[in-house]
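Work through the exercises below with the sequence and the model open. Try each task before you read its solution.

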Protein chains: 2
Amino acid sequence: MAPVTIYGMNMSTCTRRVITTLEEKSVPYEVVTVDLSKGAHKQPDHLARQPFGQIPAFEDGDVKVFESRAIARYISNKWASQGTDLLGKTAAEKALTDTWVEVEAQNYNPPLSTIVAQKVFLPMYGQQTDEKVVAQETEKLEKVLAVYDAHLADKEYLNGSSFSAADLSHLAYTDYYVNKGGGEAVLKKYPNVWAWWQRISSRPSWQKVSAMY
Amino acid sequence: MAPVTIYGMNMSTCTRRVITTLEEKSVPYEVVTVDLSKGAHKQPDHLARQPFGQIPAFEDGDVKVFESRAIARYISNKWASQGTDLLGKTAAEKALTDTWVEVEAQNYNPPLSTIVAQKVFLPMYGQQTDEKVVAQETEKLEKVLAVYDAHLADKEYLNGSSFSAADLSHLAYTDYYVNKGGGEAVLKKYPNVWAWWQRISSRPSWQKVSAMY
């Protein structure tokens with residue numbers, strides 16, 4: 001099997017969503033670095049793969065996909081029978097996983113990614129953190145975390161029974177938040193969320209991806 | 001077949017995404033109104049269905065789903081063999097549709113929904129439009145529309161060949177933007193986008209849903 005190709009960067013959260021999916025599914029891959037710091041994402045060869053000039057883009061032979069959540073779904077579908085079942089088997093299981101994949105995209109990620117941008121990425125490029133924005137977004141995030149805490153009170157994973165695409169989708173940004181963005185104290189206020197975070201971030205797939213940067 | 005139930009409001013964009021999907025798939029449904037203006041979305045019965053207190057929520061017998069894009073996917077999967085094929089048949093077709101479903105969620109909807117909130121929803125509740133926000137978000141939206149225009153230069157639909165979940169996902173917010181939010185002049189600057197908009201908004205499913213408010 002020829003490896004699939006991810007055009008991205010090891011440190012990019014969305015690239016990491018895709019690589020973690022490939023690790024969970026035991027699919028061979030190669031990463032071709034698109035160096036954002038050199039503007040490689042705005043060059044014609046990358047724009048032909050990703051017209052918005054973002055990363056990652058993905059190729060599996062003739063199949064070209066972009067947007068990390070779409071790529072993760074393609075991988076989970078195409079290699080459904082190997083590795084971890086990330087989508088669920090019955091229509092009800094799939095619906096529950098899909099619900100929490102969307103909750104991550106719509107409720108969890110908007111405040112959390114804004115905080116990570118302020119606390120981790122801006123300082124990396126020599127810019128100042130706006131603590132007012134961090135405080136506002138932390139307030140929004142805590143409301144979301146309270147719902148997660150109640151949901152996870154009687155469950156090990158977001159879909160209730162097993163590690164899925166829904167849990168996986170939370171790994172990359174939460175790792176930066178907890179380990180580089182001062183988020184550990186916030187997450188620990190929600191004990192069920194913290195226990196879930198320990199559970200999902202200790203998976204071998206994530207341990208490997210997390211060590212890439 | 002017992003009808004499925006949508007808990008939402010006819011005028012809500014996310015409720016409309018679900019209803020349009022049901023219309024395209026010829027699935028019988030009933031809408032139970034959750035009146036946001038009376039705070040019904042924050043009451044315990046609704047929070048049991050949608051813990052973030054948002055609309056819509058969805059029930060098909062014992063299967064309970066929330067988040068409109070997850071509901072639309074459940075409907076498209078469960079009734080795959082009837083009505084319009086919204087997801088595609090091959091892995092490559094599904095990947096292309098999924099890519100543009102995600103582009104709507106990540107690139108198109110953030111600026112466009114902010115403009116619609118400013119120009120349509122705030123005035124409805126007697127609040128002032130912030131024209132500076134509208135101008136900023138319009139600049140972002142136009143960059144996205146330029147990419148759409150190039151993508152649609154040789155295609156009738158976003159996945160290239162047929163109306164899909166990707167096109168459908170754009171209907172509700174774009175309709176408010178074009179018909180109530182001053183967006184017609186902006187969209188007409190992008191001729192391929194405008195032709196696509198005429199094509200997808202003239203579908204019987206959308207004509208029916210659009211007339212609900």
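**Exercise 1: the sheet of chain B**

Step 1. Helices (H or I, at least four residues) and strands (E, at least two) are DSSP runs, numbered from the N terminus. The model is predicted: local features need pLDDT of at least 70, side-chain atom pairs count only at pLDDT 80 or more, and totals for chains, interfaces and linings use all residues; side-chain values use heavy atoms, with hydrogens and water left out. Residues are numbered from 1 along each chain as its sequence is written, while chains are lettered from A and ligands numbered from 1 in the order in which they are written.

Step 2. Go up to the strands. S1 (residues 4–8) and S3 (residues 57–60) of chain B pair in the antiparallel sense, over three bridges. Two strands pair if DSSP finds at least two bridges between them. Ile6(B) stands opposite Phe58(B) in S3(B).

Step 3. Cross to the other neighbour. S3(B) and S4(B) run antiparallel and are joined by four bridges. Here Ala57(B) stands opposite Phe66(B) of S4(B). The two strands form a hairpin with two residues between them. In the turn, Gly61(B) has a positive phi of about 60°.

Step 4. Chain B has an open sheet of four strands, ordered S2-S1-S3-S4, with mixed pairing. Its edge strands are S2 (29–33) and S4 (63–66), and each pairs on one side only. The twist averages 20° from one strand to the next.

Step 5. Contact means heavy atoms within 4.5 Å. Axes are lines fitted to C-alpha atoms, for helices over the stretch in contact, and angles run from 0 to 180 degrees between N-to-C directions.

**Exercise 2: burial in S3(B)**

Task: which residues cover the two faces of S3(B), and are they buried or exposed?

Step 1. Take one side: Ala57(B) and Glu59(B) are buried. Buried means under 20% relative accessible area, exposed over 50%, partly exposed in between (1.4 Å probe, protein chains only).

**Exercise 3: helix H5 of chain B**

Task: check the length of H5(B) against its number of residues.

Step 1. H5 covers residues 131–151, which is 21 residues. The expected span is 1.5 Å times one less than the number of residues.

Step 2. At 1.5 Å a residue, H5(B) should span 30 Å; its end C-alpha atoms are 30 Å apart, so the two agree.

Step 3. Look at the N-terminal end. Asp130(B) caps it: a side-chain oxygen lies 3.0 Å from the backbone nitrogen of Lys132(B).

Step 4. Look at burial. The buried residues of H5(B) include Val134(B), Leu141(B), Leu145(B) and Tyr148(B). Their cover includes H4 (91–124), H6 (165–180), H7 (184–188) and H8 (191–201) of chain B.

**Exercise 4: the two chains**

Task: what rotation superposes chain B on chain A?

Step 1. A rotation of 180° does it, with 0.0 Å of shift along the axis and an RMSD of 0.0 Å. Copies are superposed by least squares on the C-alpha atoms of residues with pLDDT of at least 70 in both.

Step 2. This is the relation of a two-fold axis. In chain B, the C-alpha nearest the axis belongs to Ala105(B), 4.3 Å away.

Definitions and conventions
Polar contact = N/O pair within 3.5 Å; in protein donor to acceptor, adjacent residues only side chain to side chain.
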